[in-house]
Amino acid sequence: SPQVLQAVARALAGEPVSELVEVRGGPGAGMTFETRYVPHRDAFGRTVGVVGAATDVTGRLRSEDERRQLLDSEREARAEAERAGWRAALLADASRTLAASLDLSASAGAMARLAVPALADWCAVDLLELGQLKRTAVIHADPLLSDASQALLGTGPLEAAGPALRPRCARAARARFARTVVSAPALRADGFAGRSAGSRRTKKR
């Protein structure tokens with residue numbers, strides 16, 4: 001193969017060569033060999049030939065690949081178990097938080113604090129009252145941006161039948177994601193006052 005010819009040429013030029021060669025066609029297709037070529041020199045140090053050897057390492061490489069895949073699967077399983085444990089602990093904390101008070105506004109603030117920074121950079125909670133969505137709590141993970149986030153509490157209520165994201169989410173009783181918020185008008189249309197610090201990243205509820 002061209003790879004072998006190049007290795008032999010390098011060895012003839014005086015360079016020891018060691019590399020893996022995969023057989024891609026014909027007899028032995030799919031096998032891999034570890035090849036070594038070294039220059040053969042005469043008594044005067046001149047290269048007069050090449051000594052080559054090839055070792056079949058197909059089984060070893062397959063075993064190593066299978067071990068890597070097994071380790072990757074084990075790591076992913078551990079990571080998923082950790083994520084499941086984290087979700088269970090978060091749900092347990094949420095249940096305790098909701099059961100701790102009958103005051104919806106207080107519970108909303110507590111739930112927002114529970115969500116940040118575990119789930120998002122900032123969290124806004126709206127409650128449905130008499131057909132309107134009322135902004136009840138806003139929490140930001142960055143203390144320097146807390147004041148700007150608190151300004152969102154002044155946002156007026158939205159009609160629950162409106163087309164914006166918040167009303168649609170409330171009507172469907174399902175999560176909605178805005179992966180990128182690109183403009184202040186887009187924020188205002190959804191009931192957010194101006195371009196807040198929370199618009200830097202995915203908006204989560």
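**Reading the labels on this structure**

Student: Why is Arg60 called partly exposed?

Tutor: Arg60 has a relative accessible area of 42%. Buried means under 20%, exposed means over 50%, and partly exposed is what lies in between, with a 1.4 Å probe and protein chains only as cover. The 42% of Arg60 falls in between, so Arg60 is partly exposed.

Student: What should I know about the model before we go on?

Tutor: It is a predicted model, in which local features need pLDDT of at least 70 and side-chain atom pairs count only at pLDDT 80 or more, while totals for chains, interfaces and linings use all residues. Residues are numbered from 1 along each chain as its sequence is written, and side-chain values use heavy atoms, leaving out hydrogens and water.

Student: What makes the contact of Glu64 and Arg60 a salt bridge?

Tutor: The term asks for a side-chain nitrogen of Lys or Arg within 4 Å of a carboxyl oxygen of Asp or Glu. Glu64 and Arg60 meet at 3.6 Å, N to O, so the pair passes that test. Both residues lie in helix H2 (residues 58-99), 4 residues apart, about one turn of the helix. Glu64 is partly exposed too, because its relative accessibility is 27%.

Student: How do you know that Arg87 and Glu80 form a salt bridge?

Tutor: Their closest N and O atoms are 2.9 Å apart, so they too are inside the limit for a salt bridge. Arg87 has 39% relative accessibility and counts as partly exposed, and Glu80, at 34%, is partly exposed as well. Glu76, Glu80, Arg83 and Arg87 are linked in a network of salt bridges. As a general point, side chains of opposite charge can pair when their charged atoms come close.

Student: How many salt bridges does a search of the whole structure find?

Tutor: The search finds 12. One of them joins the side chains of Arg46 and Asp42 at 3.0 Å, N to O. Asp42 is partly exposed, because its relative accessible area is 24%.

Student: What makes a run of residues a helix or a strand?

Tutor: Both are DSSP runs numbered from the N terminus: a helix is H or I with at least four residues, and a strand is E with at least two. On that basis the protein chain has 6 helices and 6 strands. From the N terminus on, the order is α-β-β-β-α-α-β-β-α-β-α-α.

Student: How do you know that S4 and strand S5 pair?

Tutor: Two strands pair if DSSP finds at least two bridges between them. S4 and S5 (residues 132-140) have 8 bridges, in the antiparallel sense, so they meet the definition. Trp122 stands opposite His140 in S5. Strand S4 (residues 122-129) is mostly covered, with 6 of its 8 residues buried.

Student: Which strand is joined to strand S2 (residues 32-41)?

Tutor: Strand S3 (residues 47-56) runs antiparallel to S2, with 9 bridges between them. Arg41 stands opposite Thr47 in S3. Their hairpin has 5 residues between the strands, and there Gly45 takes a positive phi near 85 degrees.

Student: Why does Ser107 count as buried?

Tutor: Ser107 has 6% relative accessibility, so it is under the cut-off for buried. Its place is in helix H3 (residues 104-115). Ser107 and Thr97 are 10 residues apart along the chain, and their C-alpha atoms are separated by 6.7 Å.

Student: Is Ala120 buried or exposed?

Tutor: At 11% relative accessibility, Ala120 counts as buried. Ala120 is found in the loop between H3 and S4. Pro117 lies in that loop as well, and a cis peptide bond, with omega about 5 degrees, joins Val116 and Pro117. In general, most peptide bonds are trans.

Student: Which residues form a positive surface patch?

Tutor: The patch is formed by Arg168, Arg171, Arg174 and Arg176. Patch residues have over 30% relative accessible area and no salt bridge, with like charges joined within 9 Å and nonpolar side chains (Val, Leu, Ile, Met, Phe, Trp, Tyr) within 5 Å. Lys and Arg count as positive, and the place of an Arg charge is taken as CZ.

Technical notes:
Accessible areas come from the Shrake-Rupley method with a 1.4 Å probe; for residues, only the protein chains shown count as cover.
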